[in-house]
Amino acid sequence: MSPVSGLHHITAISSSAQGNVDFFGKVLGLRLVKKTVNFDDPGTYHLYFADRVGSPGSVLTFFPWAGVPKGRPGTGETGLTHFAVAPGTLPFWRERLEGAGVAPVTEETVFGETRLVSADPDGFGFAIVEARGDDRAGFATHGIAANEAIKGFRGVTLTLADGAATRDLLTGLMGYEEQARDGALTRLVSPTAEAGVVDILEASDQRPASQGAGRIHHIAFRVADRAAQGAIRDTLTAEGFQVTPQIDRSYFYAIYFRSPGGVLFEIATDEPGFATDESVEHLGEALKLPAQHEKLRPVLEQKLPALSV
Ligand code: ZN
């Protein structure tokens, strides 16, 4: 069994909470499944978008810092998020993205898969990929039928100055397998995981990325529970990585460490999931605060902008 099962979530920085809802909710059709605050900075939202139930492998989260400047793309970061859709739906998505009028939409073929590449208003780059054999259910919303909807992540592209050590980490103790190479691009896959692709793009001619709106802060890989997380933490520590303790993030437990190419990696548990403090029907409706910040509720409810979903 592979130590990790593809991606759990992706966390990015944005310049507007409502902008996130307007783009990822209303244009891409992801569901706002949790409205909480940044546990380390409770004056700002932490918004979670996902499939209907908040399945691991579909969860895209944002720290919206109002008006924060755009970051700069470059090396040492996750440069592209890949969303999976059913084969034959790219014309629908091209029309929808072009109708939103945000950024150019380009079509390309990578490792035999056709995809559309575009970006949100902050410059968050994404690809919509026709993924064969992905039977995850889509969520019908905002004029998107279930069979057209985004199913979750397909994977990510890491842009690295030198990809070798990160490739070795992923194919070593994290259980990925190298599937293909094409020039500067190497595809690794996590066996059996739907959100299982990590493409490594070696771009030694680019400058290091800088954090800011539109950039990805970290990516989280998926394990079942705290026992599995503890086991991989022990392995990482034995290999010389500096790994945080297991941190309670209310909806999962997290450990973090810096991967060799500079990207912040997290390993997150499926337990307990997002339907623990509100039912599936009502996910994302109420402001949820962890116990340590509950005393701030009156202040936060005044300070945080109301969202029109
Ligand atoms: Zn995270």
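A salt bridge is a side-chain nitrogen of Lys or Arg within 4 Å of a carboxyl oxygen of Asp or Glu. The views below come from a predicted model.

**View 1. Four charged residues form a network of salt bridges.** The members are Glu-113, Arg-154, Arg-187 and Asp-199. Side chains of opposite charge can pair when their charged atoms come close. By the rule above, the count comes to 17 salt bridges.

**View 2. Arg-215 and Glu-77 meet in a salt bridge.** The N to O distance is 2.6 Å. Arg-215 lies in the loop between strand E12 (197-202) and strand E13, while Glu-77 lies in strand E5, so the pair ties together parts that are 138 residues apart in sequence. Are the two partners buried or exposed? Arg-215 has 6% relative accessibility and counts as buried. Glu-77 is buried too, with a relative accessible area of 4%. Buried here means under 20% relative accessible area.

**View 3. A salt bridge joins Asp-270 to Arg-222.** Their side chains meet at 2.9 Å, N to O. Asp-270 belongs to strand E16 and Arg-222 to strand E13, so the pair links distant parts of the chain, 48 residues apart. Asp-270 is partly exposed, with a relative accessible area of 25%. Arg-222 is partly exposed as well, at 24%.

**View 4. Glu-271 pairs with Arg-226.** Their side chains meet in a salt bridge of 3.1 Å, N to O. Glu-271 lies in strand E16 and Arg-226 in helix H4 (residues 226-238), so the pair ties together parts that are 45 residues apart in sequence. Glu-271 is partly exposed, with a relative accessible area of 24%. Arg-226 also counts as partly exposed, at 37% relative accessibility.

**View 5. Three residues coordinate the zinc ion.** Which residues are they? They are His-9 (NE2), His-218 (NE2) and Glu-266 (OE), at 1.9 to 2.0 Å. Along the chain, the donors follow the spacing H-x208-H-x47-E. His-218 sits in strand E13 (residues 216-223) and Glu-266 in strand E16 (residues 264-272), so this pair ties together parts that are 48 residues apart in sequence. His-218 counts as buried, at 5% relative accessibility. Glu-266 counts as buried at 0%.

**View 6. Nine strands form an open sheet.** Their order is E14-E15-E16-E13-E1-E4-E3-E2-E17, and the pairing is mixed. Which strands are at the edges? Strand E14 (247-248) and strand E17 (287-288) are the edge strands, and each pairs on one side only. Helix H1 packs on the sheet and touches E1, strand E3 (41-50) and E4. The direction of H1 makes about 5 degrees with that of E3.

**View 7. Strands E1 and E4 run parallel.** How many bridges join them? Six bridges connect strand E1 (residues 7-14) to strand E4 (residues 59-64). Follow the chain to His-9, which stands opposite Val-59 in E4. His-9 is also one of the residues that coordinate the zinc ion.

**View 8. Strand E16 pairs with E13 and with E15.** E13 and E16 run parallel, joined by five bridges. Val-223 has Thr-269 in E16 as its bridge partner. Strand E15 (residues 252-258) runs antiparallel to E16, and six bridges join the two. Here Ile-255 has Ile-267 in E16 as its bridge partner. E15 and E16 form a hairpin with five residues between them. In the turn, Gly-262 has a positive phi of about 105 degrees.

**View 9. Helix H2 has a buried side.** In H2 (residues 90-100), the buried residues are Leu-90, Trp-93, Arg-96 and Leu-97. Why do they share one side of H2? They cover an arc of only 125 degrees around the axis, which puts them on the same side. An α-helix has 3.6 residues a turn, so residues three or four places apart point the same way. What do the buried residues of H2 pack against? They pack against helix H1 (17-27), strand E5 (77-85), strand E7 (113-119) and strand E8 (125-130).

**View 10. The other face of H2 carries exposed residues.** Pro-91, Glu-95 and Gly-99 are exposed on the face turned away from the buried side. Just after H2 comes Gly-101, which takes a positive phi of about 65 degrees.

Terms used
Residues are numbered from 1 along each chain as its sequence is written. This is a predicted model: local features need pLDDT of at least 70, side-chain atom pairs count only at pLDDT 80 or more; totals for chains, interfaces and linings use all residues. Side-chain values use heavy atoms; hydrogens and water are left out. Buried means under 20% relative accessible area, exposed over 50%, partly exposed in between (1.4 Å probe, protein chains only). Helices (H or I, at least four residues) and strands (E, at least two) are DSSP runs, numbered from the N terminus. The arc is that of the directions from the helix axis to the C-beta atoms. Contact means heavy atoms within 4.5 Å. Donors are N, O and S atoms within 2.8 Å of the metal (3.2 Å for Na, K and Ca); water is not among the atoms, so sites may look incomplete. Two strands pair if DSSP finds at least two bridges between them. Axes are lines fitted to C-alpha atoms, for helices over the stretch in contact, and angles run from 0 to 180 degrees between N-to-C directions.
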